[in-house]
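Have a look at the model first, then walk through the points below.

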Amino acid sequence: MKNTIDILNDKIRFVVRNDSQNLALVGPVKLPIKQGDFEATFNWYSWLAVDSQKTKQQMIDDLPAMNLAFGQQSSVLVYGDFENRDDALIRMHSICHTGDIFGSQRCDCGYQLHESMKMIVEHGCGAIFYLADHEGRGIGLFSKSLAYLLQEDYYDTVQANHALGFEDDVRSYEDALKILESLRSKPVTLITNNPKKLAALQAHGLAANGHVPIWGGLTDTNARYLQTKVEKSGHLGDVKKLLV
Ligand SMILES: [Zn+2]
């Protein structure tokens, strides 16, 4: 039997983060996915910040003592010839335990996650970054449950986070952008409805051509909002289809 490190060596690479830490990027791991009628095989990578002095073997030796299940590790699903193809779709998806896993209709995160996976496969090339330290705009799952209760008492998301002592939005994209750079040097197209997110990511170094929208799943809470958009704007044909 081969040594562990001989098997893993060429599937681990260190991406420079700063002087004291690297991001250990592991992959690709073949990940065949089936969600209802949707089936595709992605290449999956995960990453972890490690002391820049450590070798791969030392990093592996340290894992049992690191209790990683008590923290969060981010990862990325890659589809197609991501390194070389001229156009690739990117989604920077902030983890949403309630929306992505439970299918909560308080937000449209679950819909956006699954829809962006389909968009990327239809397009033929792209990546979904699943940012595991972004729960509740960075406040964490437990705090999010408190924020939801405040929202039931007419606080909006920002007010609720402020009331709990948090800044508006404490999400960082720096590590994900470093990983993106290591996987692809050509520009990308960002899947988002929010041009401000595109601008913010460009300010952090994202080489993006532009963005494509992703319409949220229709729920009781957003139907009126989408209907208003359709009535007031002629170019939102996709939303019209959703509302039929
Ligand atoms: Zn959500």
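In S7, Thr189 is the bridge partner of Leu89. Strands, like helices, are DSSP runs numbered from the N terminus (E, at least two residues, for strands; H or I, at least four, for helices), and two strands pair if DSSP finds at least two bridges between them.

**Basis**
- This is a predicted model: local features need pLDDT of at least 70, side-chain atom pairs count only at pLDDT 80 or more, and totals for chains, interfaces and linings use all residues.
- Residues are numbered from 1 along each chain as its sequence is written.

**The sheet**
- Eight strands form an open sheet with mixed pairing, in the order S1-S2-S3-S4-S6-S5-S7-S8.
- Strand S1 (12-16) and strand S8 (208-212) are the edge strands, each pairing on one side only.

**Helix H8**
- Helix H8 (residues 174-183) packs on the sheet and touches S1, S2, S3, S4, S5 and S6; contact means C-beta atoms, placed from the backbone, within 7 Å.
- The direction of H8 makes about 75 degrees with that of S2, with axes fitted to C-alpha atoms (for helices over the stretch in contact) and angles running from 0 to 180 degrees between N-to-C directions.
- Ala176, Ile179 and Leu180 of H8 are buried, meaning 20 or more other C-beta atoms, placed from the backbone, lie within 10 Å of their own.
- These residues sit on the same side of H8 because they cover an arc of only 105 degrees around the axis, taken from the directions from the helix axis to the C-beta atoms.

How values were computed: Contact = placed C-beta atoms within 7 Å. Buried ≥ 20, exposed ≤ 12 C-beta atoms within 10 Å, placed from the backbone.
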